[in-house]
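Dear colleague,

Please find below the structure that I am passing on to you. A summary of the findings follows it.

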Amino acid sequence: MANFHSSHEKHVVAISELQPDLDSEQVTKLLSINSFVSQLVKSYKGKSTGKLADWSKHVPAHIKQFFRLLWLARQPDAKVFTIRLDHDAAIAALAAKRSPANHLAGVIQRTLAKLEITTEQAFNLEFTHGTSKENHPLHIHGVLYVQTDRIEEVSKALRTALAKEYRQRFDNLAVHIDSIQNERWWAAYCIKEHDITAGQLSIIRSREAAPDYASHAARRGGKTVYEGMSDWLD
């Protein structure tokens, strides 16, 4: 549904930039595509009617996080990032008074602030599967703002702050920041083990702990995207 809505929005923007008299053929084509998308969405909805579930009351935590990541990934200078924490950083996060995700978000925010970079961020924690003890299994997948020409600088700073002792194996870099190729796919990838990670964190900390983080702007943006899609489907 999110993918269909994104396609719809892009076509609406494209139509608004055309001149109806001069580009009538293109406008007709785009309207035809949007009509097809709308019909396809209706087929996905089946016989259900009305808007989507209420965001505040009935949307699961991992779906909320998906839309927060999706919104953030669509913003200028948004980049995907992965950080594989070293043992010291992971242990400190898991023992933090605040949730591990909030602790790590604070470290990232302060690290970038030293580079005079202000960023919004959203990410999920995840544990690698396997029995190797060489590197800590806790790592992060998410989205933040970084200008392309500063990726290397930011990567080095985050490695020093959170993954200094991480030992690279195969292509698994300690810190990886890159341009976004597919916003929806990456958002879905980040949340893929949301519930599993939540369970593991609860066991480790002997209390519930959210396996994700999203800045205030990402939280507002995610809700806006969801509710806009709901209005479109209504």
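**Salt bridges and buried residues**

Glutamate 152 counts as exposed, with a relative accessibility of 55%; exposed means over 50% relative accessible area, buried under 20%, and partly exposed in between (1.4 Å probe, protein chains only). Please note that this is a predicted model, in which local features need pLDDT of at least 70 and side-chain atom pairs count only at pLDDT 80 or more, while totals for chains, interfaces and linings use all residues. Residues are numbered from 1 along each chain as its sequence is written, and side-chain values use heavy atoms, with hydrogens and water left out.

Glutamate 152 meets lysine 156 in a salt bridge at 3.4 Å, N to O. The term denotes a side-chain nitrogen of Lys or Arg within 4 Å of a carboxyl oxygen of Asp or Glu. Lysine 156 is exposed as well, at 54% relative accessibility. Helices (H or I, at least four residues) and strands (E, at least two) are DSSP runs, numbered from the N terminus.

Across the whole structure, a search finds four salt bridges. One of them joins lysine 192 to glutamate 126, with the closest N and O atoms 2.9 Å apart. Lysine 192 lies in the loop between helices H8 (183-190) and H9 (194-205), and glutamate 126 in strand E2 (residues 121-127), so this pair ties together parts that are 66 residues apart in sequence. Glutamate 126 is buried, at 7% relative accessible area, whereas lysine 192 is partly exposed, at 40%.

Arginine 167 and glutamate 134 also form a salt bridge, their closest N and O atoms being 3.6 Å apart. Because arginine 167 lies in the loop between helix H7 (151-162) and strand E4 (175-179), and glutamate 134 in the loop between E2 and strand E3 (138-145), the pair ties together parts that are 33 residues apart in sequence.

Which charged residue is buried yet has no salt bridge? This is lysine 64, and the nearest side chain of opposite charge, aspartate 54, is 7.4 Å away. Here Lys and Arg count as positive and Asp and Glu as negative; His and the chain ends are not counted. Lysine 64 is placed in helix H4 (residues 61-73). Apart from its neighbours within four places in sequence, lysine 64 is in contact (heavy atoms within 4.5 Å) with Trp55, Ser56 and Val59.

Yours sincerely
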